[in-house]
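Reader: Let's go through this model briefly. I will ask, you answer.

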Amino acid sequence: MLKVDKVTKCYKDKTVVDHVSFEIKKGHICGFVGPNGAGKSTTMNIITGYLQATSGTVSIDGLDINSQPMKYRKSFGYLPEFPPLYPDMIVEDYLNFVYDARRLAAKERRVQVDEAMEMTEIAHVKRRLIKNLSKGYKQRLGMAQAFLGKPSLIILDEPTIGLDPFQIVQVRNIMISLKKKHTVLLSSHILSEIAEVCDEIVFINNGNLIAAGTEKELIEKNLKENKYMIKVSNESINMVHGVAAKVSKDIRVKKIDANVFECSCNAGQDLGKQLLGTLIADHVQLTEFYEKTNSLEDVFLELVTK
Amino acid sequence: MKAIFKRELSSYFHSLSGYIYLGVFFLLSAYYFVISNLMVGSNSVAEYFQNMVTTLMFLIPILTMKSFAEEKKQKTDQLLFTLPMRTSSITIAKLLASYMVFAMGIMSTLVFIIIISFLGNVDMYTTIGCYIGIFVAGTTFITLGVFISSLTENQTTAAIVTYAVLFALYLVTYVADYINNDFLTGIIDAIAIFSRYTNFTNAIFDPSAIIYYFTLTFAFYEFTLLSLTKDKVD
């Protein structure tokens, strides 16, 4: 569907995107993750043609961005980081304008615009001036314009940024509704959202692609430890190190808080049961014990701090 | 292109800029009509149109300042330049919208020509020549203004720089009189866009002046494209 092949972007003496390559299969939602300044928006701007790559190619369904730019641009809808809205227009007129500017079939305009408004739940504000919309509605309007014409690929650059929790849920529900029906490239800082919505994830840092795969693949490949969180009473604080050493010399103990410890061991060693059993046997006054589930946040921190 | 043209034209009248431009233009035209014709009892249009073209120096920046600068500031350029539409089409659509508003202002002056015709005979050839002259000069100024707007994301900067460039080109006409160097005089003659307009007001139909203005308009259009397509896929 989307193929990004060794895309590089250089400015004078700085390389901001360095030979980034990835593919998104049809019907998949791909999360594009990285810290601020990693090169996410630059890469997305290159994919949309807003910026010219220094080298490398991008294609959608075989249409090359450089050799067939107009056909290429017809095949995607794009919501940039700041929704491209004209404050002096009303919602419906704006969508009609974008529809016409995309050179889509005029006879289907009403149906397509109505569908986009229904999908993003903005039909009830269609006669309102854009400058009078809340941030959440503006974001949804930005998404609606990206959906016009039902493009093969939808590119969303940080669609939930700056929204309140209720608005984030609304936008997230829209993204979930896209699953299977559309191919989506989505960039976000909110890893829980990426984990919930995306089929696969691409990590980028300092302009380099550092990892790619499904959530499960990324966790298994990059997190090589099992971690156990232990909370004990004040009287038992000094016992934890001793108990851990008794179970195995490979257990590493890290104090997180006054009464809270993190015990970690290599992924191949499942020492949780032994550790719990020994803590109980040695009469350590446990208030909490659980195995910490590895998450995308852990993968992210592991990868960007390497 | 039609969608961009319609949106651009309507934006002049959703915001105040179109009304301000047309209102001020008409008021100034009326003022020049009063002092050039009514107060002195003259039926000559030459001085009236000569004053009008210097008015454009102040008013064209109002028309063109937001053309691309506002798109950059509002980030709507990320929509425009990712549409399945060439940058040339987008630029032409914006230019045509500006030309249209400019033409509306010029056409409103017909009322004064009609009034002059009641005062005495109006030299139709001079009048037609003046209208042709002001249209071609106006399109050149507008294209220059749109080019300058494409260089910045601040409307005010675009307006001030456009005015400054037009004012400098206006002053250059007078500087030529004090220079004896042929080479420098040649350069000044090439950029003295206001002096070429004078022929139209003197009832001299000068095709070379029209070619000159169209050449400059095309040059500014190309500069605009260069500015906009730098580092973009087009």
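Reader: How many bridges join strand 1 of chain A to strand 2 of chain A?

Author: The model is predicted. Strand 1 covers residues 2-11 of chain A.

Reader: Which strands are at the edges of the open sheet in chain A?

Author: Four strands form the open sheet of chain A, with antiparallel pairing. Their order is 2-1-4-5. An edge strand here pairs on one side only. That gives strand 2 (14-24) and strand 5 (63-64) of chain A.

Reader: What is the bridge partner of I60(A) in strand 5 of chain A?

Author: Strand 4 of chain A spans residues 55-60. Two bridges join strand 4 to strand 5 of chain A, and the two run antiparallel. The partner of I60(A) is L63(A).

Reader: How many residues does the largest nonpolar core have?

Author: Residues with the most contacts inside this core include C30(A), L95(A) and L185(A). L185(A) touches C30(A), F32(A) and I155(A), among others. The core draws at least three residues from each of domain 1 (2-220) and domain 2 (222-304) of chain A.

Reader: How many residues are in the second, separate core?

Author: This core includes F25(B), Y32(B), L56(B) and I60(B). The count is 43.

Conventions
Residues numbered from 1 in each chain as written. Chains lettered and ligands numbered in written order. Predicted model: local features only at pLDDT ≥ 70, side-chain atom pairs only at ≥ 80, totals over all residues. Pairing = 2+ DSSP bridges. Core = buried A, V, L, I, M, F, W, Y, C linked by C-beta atoms within 7 Å. Buried ≥ 20, exposed ≤ 12 C-beta atoms within 10 Å, placed from the backbone. Domains from an automatic or database assignment. Contact = placed C-beta atoms within 7 Å. Lists of a residue's contacts leave out its neighbours within four places in sequence.
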